[in-house]
Amino acid sequence: MLVRSTALLAMVMMMLTTAQAPQAAAADDTPRRDVAQFKLDNGMQVVVVPDTRAPVITHMVWYRVGAADEPRGVSGIAHFLEHLMFKSTEKLASGEFSKTVSRLGGQDNAFTSQDATAYFQRISREQLGTVMRMEADRMVNLRLTEEDVKTERDVILEERRSRVENNPAAILGEQMEAALYMSHTYGIPVIGWMHEMKELDREDALSFYKKHYAPNNAILIVAGDVTPDEVRKLAEGTYGKIAANDNIKPRNRASEPKARAPRRIKMVDARAGKPTLRRSYLAPSYQTDEPGDAEALDLLMKVVASGPTSTMYRELVVEKKLAASVSGYYAGHGLDSGKIAIGAVPADGVSLEKLEAEIDRILADVKQNGVSEAALERAKKVYIAEYIYEIDNQSSLARRYGWGLVVGATIDEIDGWPDALRKVTTADVKRVANEYLDINQSVTGYLKPSESDVAGAGAAAKAKPEQG
Amino acid sequence: MFARSMSVSTCLHRAALALTAFAAAAFISLAAPEARAMKIQVVKSPGGIEAWLVEERSVPLMAMRFAFEGGSAQDPTGKEGVANFLTVMMDEGAGDLDAARFQELEEELSFRMRFSDSRDTFSGSFQTLTSNRDESLRLLKLALTKPRFDQDAVERMRKQLLSGLAFAAKDPNRVASKVWAATAFPDHPYGRPSRGTLDSIAAIQPADLEAYRKRIFAKDTLKIAVVGDIDAETLGKVLDDVFGDLPAKAELTKVPDTKPVTGGVQRVVQMPVPQSVAVFGTPSIARDDPDFIVAFVMNQILGGGGFASRLMEEVREKRGLAYSVYSYLQPYDHAAIFAGGVATQNEKIGESLKVIRSELERMAKDGPSDEELANAKSYLIGSYALRFDSNAKIAQQLLGIQLDKLGIDYPDKRNELIRAVTVEDVKRIAERILNVDDLIVTIVGQPVGIPG
């Protein structure tokens, strides 16, 4: 179950990905909620997911901008701005946004990823108009004082210490991403590099804000006890009053060259609890793939590496007892790229090299022999069920559509995901395994508690970046 | 532990309240749908097993939550962590199904079955699609009544648990919580590590798992909540099918009532991390104390979730000393604590703790302002409905209400209880709970300027 919980999360993440089925979907009988969509005159996209079971709503605004859109040298500015959005506007004093939501009986928060920045409130249906007014207000009227900026910068530095500096596995993760992407900004962490975060200032934040925050670069998603007509009326009276920004350009970020050699990172850190092995492969995403490849990659990784029924778990944990845990997944949600990831903790007395060789042997076997029909069908069932379970939760549904739309998927594609999965054959899975499990497109990471654990040490100690 | 793309690459504005160290599944965080009536039926099976049911036929799903009294407080001495061990063994084979086949069926039938232990309960979460309900429930029953504990599966899970302990030993958050509990409750089950130690996990045998299961999985302490696509009559049969074969009576070891040590203790655990993690707490009041709701409101003002709390304002918003700072009430069955946490770079953790102490003192001395109380009440009352917006969440709430013995009308009464709280009430309870001289603090890291 320890392994499983990891796998489960990975699975939930994958559910957030979007399908690229060539034709409109929802032709099958998978239970789902009806979704309405329309556009405001200023170009703001709107999606409504009615669920009348409880008198509450989830209101989200997604901007088509994330950390990967940052200019070089100001890493972390997308996320820093997201924090600063909770400061003041002409109408609201600093910090009053969240306090107002709270007084109204609601909860609010926000998050930033490489491709998206999203703000959300969960609140009673009666307050929808109020939170829309406030969210529309801060879309264009943000005011920042030097003092607010300076204090909040200390907060994000503490956030980086909590998430990364205190956690060697997170440090290794950053190093691996930086090695995986040689040109694309996906190689820079969302939270930013420490030395650049320390220099972020008010001008950096405001310039990023003015460039990217506008109704025609945003998606409104409302899920819960509300009708599309109600949302349209409220949206036209709030977001609809904001002029479009004609300078918003389609996102066009550096593309990745075809890599020519595998990269390896060995890191020694006494704070690591156990030796750990990780492997990432660059892969296409649902947005960049040849139709059907991303679905096949999702299913490939479910069968091979996710959960206790997977090939790797069965062979390495159950049968050969070479690993304490092993798991893997395909992350296909990115606008410009996807990733295949595998991680394992060796059993006591087993070297990382030995475990890595075994993982490579299993991958080679999958490339040669493919996966069984039974395992593929089971994997489809698991993912389609996850998709169905999401209809119980309005926030999950709001996020499902948000993650998809923000990288350019359509509602039909998102709704068509179960059907697109059903179409994947064992031949498809074998083909994508051969195409994308290419060691030259990969990064392998070793994390060791001490030097002595590292076979062929020496190159290892330098991997640790500057801290704090 | 491994990067999970979105979850790792996403940075939140505010951390979710980090309650894992202490969170009892049972602790209900109070919420009531005011605008729409929710009909809770008490279903009694032909065999006499009771469950609370909310029928919700609009989605073809059913969510069930259930719990037995027990939890890690019932782990025998020397076998600490056995309850937690059992939670990971529940789908490792049962009846005629070995682990591999059981887990394949779990996927083929697409049901979700998870078990967890708190200090006082062993609980289960089960969700199924209507289309696979009967067969899925058959596997739940097998897991509860005929788990196999095959030696091979036990050894495999043991390795994973030991590996988990090795990671936890280097995780400042986990260490801070563990040391806090050990400091607060010496010589009491609540002071022991609920996930066990390297020695205790190494010592646990299949017979220990089975002994725990037999003692704890019993009908007299069982509480069940079901929400979803099922009617009362069908549920009655399900209850007998799934739980009917369990023993009538649990064999619980007596756990004495206790209190965290008083007098003020501060412990520092050195760890080479740039940011110190601190956990703090004092004795508090029980869930059945007439003032519990008052204390709950007090905590909301002081350090409860959201940006509106005093700790958030003083530590983060004004001074930028932390990303996350919080407090909460944890009413266990046999002790009650007020606790909280903060993480700040080593050089400034002393300042964070000083600010927190002075906020606790200020609340104890002066209580809240009228405005703070009004704001906290309107948040708590308004947001209650947010706890009831999915089958799974409603089931969780209804189980919590049963475990806390609050009565089936609690969702209707709860907001009235909040409304009735006065400034004087909050001041009185703050004075009673927030004794900074009794504060137990554990700090993990390389704190500067703090003796230890």
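User: What is the mean pLDDT of chain B?

Analyst: This is a predicted model, in which local features need pLDDT of at least 70 and side-chain atom pairs count only at pLDDT 80 or more, while totals for chains, interfaces and linings use all residues. Residues are numbered from 1 along each chain as its sequence is written, and chains are lettered from A and ligands numbered from 1 in the order in which they are written. The pLDDT, the predictor's confidence in each residue from 0 to 100, reaches 70 or more in 92% of the residues of chain B, and its mean there is 92.

User: Which helix of chain A gives the most to the side that touches chain B?

Analyst: In the model, 80 residues of chain A are in contact with 71 residues of chain B. Helices are DSSP runs of H or I with at least four residues, strands are runs of E with at least two, and both are numbered from the N terminus. With nine residues, the element of chain A that gives the most to this side is helix α5 (residues 146–165).

User: What radius of gyration does chain A have?

Analyst: The C-alpha trace of chain A spans about 65 × 55 × 40 Å along its principal axes. The radius of gyration is taken over C-alpha atoms, and the globule rule is 2.2 Å times the number of residues to the power 0.38. For 468 residues a compact globule would have a value near 23 Å, which agrees with that of chain A, 23 Å.

User: In strand β9 of chain B, which residue stands opposite B:Arg65?

Analyst: B:Arg65 lies in strand β4 (residues 61–69) of chain B and points one way together with B:Leu61, B:Ala63, B:Ala67 and B:Glu69, and nine of the nine residues of this strand are buried, that is, 20 or more other C-beta atoms lie within 10 Å of their own, with C-beta atoms placed from the backbone. Strands pair if DSSP finds at least two bridges between them; β4(B) is joined antiparallel to β8 (residues 121–129) by nine bridges and to β9 (residues 223–228), also antiparallel, by six. The bridge partner of B:Arg65 in β8(B) is B:Ser125, whereas in β9(B) the residue opposite is B:Ala225.

Technical notes. Contact = placed C-beta atoms within 7 Å. Buried ≥ 20, exposed ≤ 12 C-beta atoms within 10 Å, placed from the backbone.
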